[in-house]
Amino acid sequence: MSSPVRRPGSAPLRNPGGADPAIHTVGIIGAGRIGQPIIGHLVRNGFTVLAHDADARKRDAVEGRGGGWAELPELARGAEAILICVGYDRELRSLMDEGLVGKVSRDAIVAVLSTVHPRTVQDLEALGQAAGVHVVDATMCRGGRAADAGTLLSFVGGPPEAVERLKPVIAAYSTDIVYTGAVGTAQAAKAANNLLMWACLIANHEALALAKRFGVDVELLRQALLKTGADNGVLRNWGTSTMAWADDDLEVIQAMAREAGIALPQADLNRELCRLLKPKKFRLDQYGDEPWPKR
C-alpha cells in the first residue's frame with residue numbers, strides 16, 4: 001500500500017534515503033523593502049543566507065542584516081532553498097529566460113514570494129520539473145510592517161512534501177501559513193486579497209470624506225466603524241498604505257480575469273480610481289474634487 005500524501009503542517013516527513021532534508025542555506029533574489037527584513041529574520045533563526053539584487057548598492061543593507069552577498073550563479077549552486085522576492089512579473093520572467101532554474105542544484109526548492117500571474121509560477125514549475133528542482137508558490141500578505149515584525153501571512157501552494165520541507169523557512173518570517181493547493185493557487189489567493197484591499201482603500205476614502213463634509217469627526221467615526229461590519233484592515237491601519245503596488249496588483253488581476261473569461265468591473269474601475277487617488281491619498285479635504293471616471 002502506498003503511503004498517503006502528507007499535508008503541510010503535519011509531522012516531519014521521514015527520509016529513508018538518509019540524505020538530510022533540512023534546509024540550512026537560503027538564497028534570496030531581491031533585497032528590497034520586503035526581502036531585507038526577511039533576510040534578518042532568517043539569520044536570527046539560524047539560517048545561512050545568500051542574497052542578490054540587481055541593484056548592487058543594496059549589498060551593505062544585506063550584510064548589515066547578517067546575509068552574505070552573492071552573484072546569481074553562486075547563490076543558485078549554494079542554496080537548498082531560493083526565495084524569489086522581485087517586484088514584478090516581468091522580472092521573474094527575466095530570471096526564467098536567463099536560465100535560473102538550470103543553475104540551481106537538483107532537489108533544491110525555488111519559492112516565488114513575489115506577486116505575479118499564476119501562469120508565470122506554473123511555467124516556472126514546468127522548468128523546475130525538467131531540471132529536478134521543486135517550485136513552491138509562496139506569496140505573502142500584510143505588507144512592510146508585517147515583514148519588519150516577522151508576522152506575514154504566507155499563502156503557499158505546491159507539492160506537499162516540498163512545502164513541508166520549506167515550512168521552517170517560511171515560519172521564520174510568517175506567523176500564518178495557509179496551504180492553498182497546487183502551484184498557482186497561492187497567487188490566486190493573493191490576487192483576491194489585493195482586490196479586496198484596494199477596494200477597501202477607495203471605499204474608506206469615500207465614506208470618511210463624505211462624513212467629514214457633514215461635520216463628523218473622522219477619527220471618532222473611524223474608531224466606531226472598527227466595531228461594525230464596516231471594519232477592514234486598511235481602515236484599522238488608516239494613513240499607512242503606500243499604494244506603491246496598487247496599479248501592478250490590479251494589472252495582474254485584470255490579466256487573470258481576461259484569461260479566466262470573467263468580468264470584474266469593480267476591479268477595472270478600482271484601477272482607474274487608484275491611479276487618481278495615489279497623489280492625494282488620505283487627504284480627505286481634497287477627496288472628491290477630481291472628475292472621477294463615470295460608468
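These legends accompany close-up views of a predicted model.

**View 1. Helix H9 packs against helix H13.**
Let us begin with two helices, H9 (residues 185-213) and H13 (residues 265-277). Two packed helices are described by the angle between their axes and the distance between the axes. For H9 and H13, the angle is about 55° and the axes are 10 Å apart. The two helices are therefore oblique to each other, and the crossing of H9 and H13 is left-handed. On the H9 side, the contact is made by Leu195, Trp198, Ala199, Leu201, Ile202 and His205. H13 brings Gln266, Ala267, Asn270, Leu273, Cys274 and Leu277 to the contact. Sorted by class, the residues of this contact of H9 with H13 are 9 nonpolar and 3 polar, with no charged ones.

**View 2. Helix H4 packs against helix H6.**
Here H4 (89-97) meets helix H6 (residues 118-131). Their axes are 10 Å apart and form an angle of about 15°, so H4 and H6 are roughly parallel to each other. The crossing of H4 and H6 is left-handed. To find the contact, look for Asp89, Leu92, Arg93 and Met96 in H4, which meet Arg119, Thr120, Asp123, Leu124 and Leu127 in H6. The contact of H4 with H6 has 4 nonpolar, 1 polar and 4 charged residues.

**View 3. Tyr88 and Trp245 form a tilted aromatic pair.**
How many aromatic pairs does the structure hold? There are 2, and this view is about the pair of Tyr88 and Trp245. A pair of aromatic rings is described by the distance of the centres and the angle of the planes. In this case the ring centres are 5.2 Å apart and the planes are at 55°, so the pair is tilted. The pair links distant parts of the chain, with the two residues 157 residues apart. Tyr88 is in the loop between strand S4 (81-84) and helix H4, while Trp245 is in the loop between helix H11 (233-236) and helix H12 (246-260). Are these residues buried, partly exposed or exposed? Tyr88 is partly exposed, with a relative accessible area of 27%, and Trp245 also counts as partly exposed, at 38%.

**View 4. Trp238 and Phe282 form an edge-to-face pair.**
The rings of Trp238 and Phe282 are 4.8 Å apart, centre to centre, with 80° between their planes. Trp238 is in the loop between H11 and H12, and Phe282 is in the segment after H13. The pair links distant parts of the chain, 44 residues apart.

**View 5. Arg142 and Met243 have a positive phi.**
Most residues other than glycine have a negative phi. Arg142 is not a glycine, yet has a positive phi of about 100°. Arg142 is in the loop between strand S7 (140-141) and helix H7 (143-149), and is partly exposed, with a relative accessible area of 42%. Met243, also not a glycine, has a positive phi of about 65°. Met243 is in the loop between H11 and H12 and counts as buried, at 2% relative accessibility.

**View 6. Thr175 sits in strand S9.**
Strand S9 covers residues 174-181. Which residues is Thr175 in contact with, leaving aside its neighbours within four places in sequence? They are Arg142, Gly150, Thr151 and Leu152. For a sense of scale, Thr175 and Ala263 are 34 Å apart in space, C-alpha to C-alpha, and 88 residues apart in sequence.

Notes: Residues are numbered from 1 along each chain as its sequence is written. This is a predicted model: local features need pLDDT of at least 70, side-chain atom pairs count only at pLDDT 80 or more; totals for chains, interfaces and linings use all residues. Side-chain values use heavy atoms; hydrogens and water are left out. Axes are lines fitted to C-alpha atoms, for helices over the stretch in contact, and angles run from 0 to 180 degrees between N-to-C directions. Helices (H or I, at least four residues) and strands (E, at least two) are DSSP runs, numbered from the N terminus. Angles under 35 degrees count as roughly parallel, over 145 as roughly antiparallel, 65 to 115 as roughly perpendicular and the rest as oblique. A crossing is left-handed if the near helix is turned anticlockwise from the far one by less than a right angle, and right-handed if clockwise. Contact means heavy atoms within 4.5 Å. Ala, Val, Leu, Ile, Met, Phe, Trp, Tyr, Cys and Pro count as nonpolar, Asp, Glu, Lys and Arg as charged, and the others, Gly among them, as polar. Rings of Phe, Tyr and Trp (its six-membered ring) pair if their centres lie within 6.5 Å; planes under 30 degrees apart count as stacked, over 60 as edge-to-face and the rest as tilted. Buried means under 20% relative accessible area, exposed over 50%, partly exposed in between (1.4 Å probe, protein chains only).
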